[in-house]
Amino acid sequence: MNPDTATDADTRFMALALSLGRRAQGNAWPNPAVGCVIEKDGRILGRGWTAPGGRPHAEVAALAQAGARARGATAHVTLEPCAHHGETPPCAQALVDAGIARVVAPLQDSDPRVSGRGFEMLRAAGIEVHTGVLADRAAHDLAGFFLSREAGRPWLTLKLATSVDGRIATATGESQWITGPQARRAVHAMRASHDAVLVGAGTVRADDPMLTVRGLGPVPCQPVRVVASRRLDLPLTGQLAQSARQVPLWLCHGDRTDPMTRGAWEGLGARLLPCAAGGRQIDPEAMLRTLGAEGLTRVFCEGGGALAASLLMAGLVDELICITAGVALGAEGQPGIGALGLERLADAPRMVLAESRAIGPDVLHRWRRG
């Protein structure tokens with residue numbers, strides 16, 4: 001399994017397959033968002049990515065496009081083809097049956113039902129297998145799937161849209177709009193690439209958000225909307241409550257909530273997920289493990305400050321996206337991150353800068369766990 005045996009063309013086609021796989025992000029859970037390109041003599045015969053809900057898989061979609069022309073071709077797939085029988089037959093067997101001569105994949109699947117067995121099935125059928133091509137890119141794209149399998153929780157992206165001095169609202173709570181329209185459109189695209197959007201109860205009470213993807217045209221499916229609310233003290237007449245039957249709404253709450261309140265939310269169509277609570281907040285690690293057990297692989301957190309602080313201090317933020325506007329709101333404004341209880345600089349959570357760019361009149365910084 002030497003990546004050096006792959007060709008420059010393999011790198012180009014794998015880059016395309018990865019771009020296709022990203023189209024499935026936010027729609028494929030609990031399955032991985034995979035892309036596949038079938039090529040022969042430099043000509044693309046079929047392309048595919050994991051369909052909404054996880055079926056059909058990328059390889060099956062690409063093979064259907066290629067048809068009989070797939071015999072003798074190369075399949076570039078962004079993750080080891082599955083080898084187990086689930087709702088559909090194994091993709092590795094589908095590649096064998098189609099007469100594929102060569103498979104290029106960046107990574108082995110860490111799912112114990114696969115974990116090398118797909119590659120073994122391909123080699124046993126005489127198919128040439130090359131791994132390692134653009135492995136780092138694939139590992140990042142599929143980090144949520146791997147994390148859900150290995151750590152039992154989804155990948156968590158924390159987004160903060162703030163003033164230049166780190167405020168998300170004025171002292172009176174006014175926040176619309178600190179950042180510009182280009183940044184807001186980008187945030188909707190980020191929502192669309194995640195399985196769920198997470199906010200705290202304070203954000204719901206203050207902003208009455210809808211938390212859906214808007215302004216991008218039709219989307220395969222809306223992300224699950226998740227609210228962390230220890231006491232379920234949320235408005236029953238707000239936008240989330242009134243749309244709970246149309247767009248999934250999950251409420252993570254503590255174990256000491258009023259039965260009548262729980263019944264009211266269930267009657268509106270919300271799904272209630274009890275989580276362990278510590279002090280005045282839901283335990284953030286317990287909440288993410290609960291969401292992972294429900295199949296979520298990528299969660300996009302949009303605050304507020306208390307929730308952001310608890311996730312950072314628990315070491316659960318995998319990616320931090322800061323969109324900063326050139327406006328100052330002063331010390332009396334509401335901070336983007338709540339109290340961290342730090343006494344030493346050495347204890348402050350640190351991340352590594354991965355991207356910095358202008359986005360309209362604002363600046364986007366993308367930070368990742370070091």
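In this predicted model, strand β8 (residues 196–200) pairs with strand β9 (residues 224–228) in the parallel sense over 5 bridges, where two strands are said to pair if DSSP finds at least two bridges between them. Helices (H or I, at least four residues) and strands (E, at least two) are DSSP runs, numbered from the N terminus. Within this pairing, R225 of β9 is the bridge partner of V197. Between β8 and β9 the chain passes through helix α8 (residues 201–207), and this β-α-β crossover is right-handed, a term that applies if, with the strands pointing away from the viewer, the path from the first strand over the helix to the second runs clockwise.

Strand β8 also pairs in the parallel sense with strand β14 (residues 298–301), over 3 bridges, and here C301 of β14 is the bridge partner of L198. Of the 5 residues of β8, 5 are buried, that is, under 20% relative accessible area, with exposed meaning over 50% and partly exposed in between (1.4 Å probe, protein chains only). A196, L198 and G200 point one way from the strand, whereas V197 and V199 point the other way. In a regular strand the side chains alternate between the two faces of the sheet.

The residue R225 is also touched by S243, which contacts M210 as well, when residues up to four places away in sequence are not counted; contact means heavy atoms within 4.5 Å. S243 lies in the loop between α9 (239–242) and β10 (249–253), and S243 is buried, with a relative accessible area of 6%.

Residues are numbered from 1 along each chain as its sequence is written, and side-chain values use heavy atoms, with hydrogens and water left out. Local features need pLDDT of at least 70 and side-chain atom pairs count only at pLDDT 80 or more, while totals for chains, interfaces and linings use all residues.
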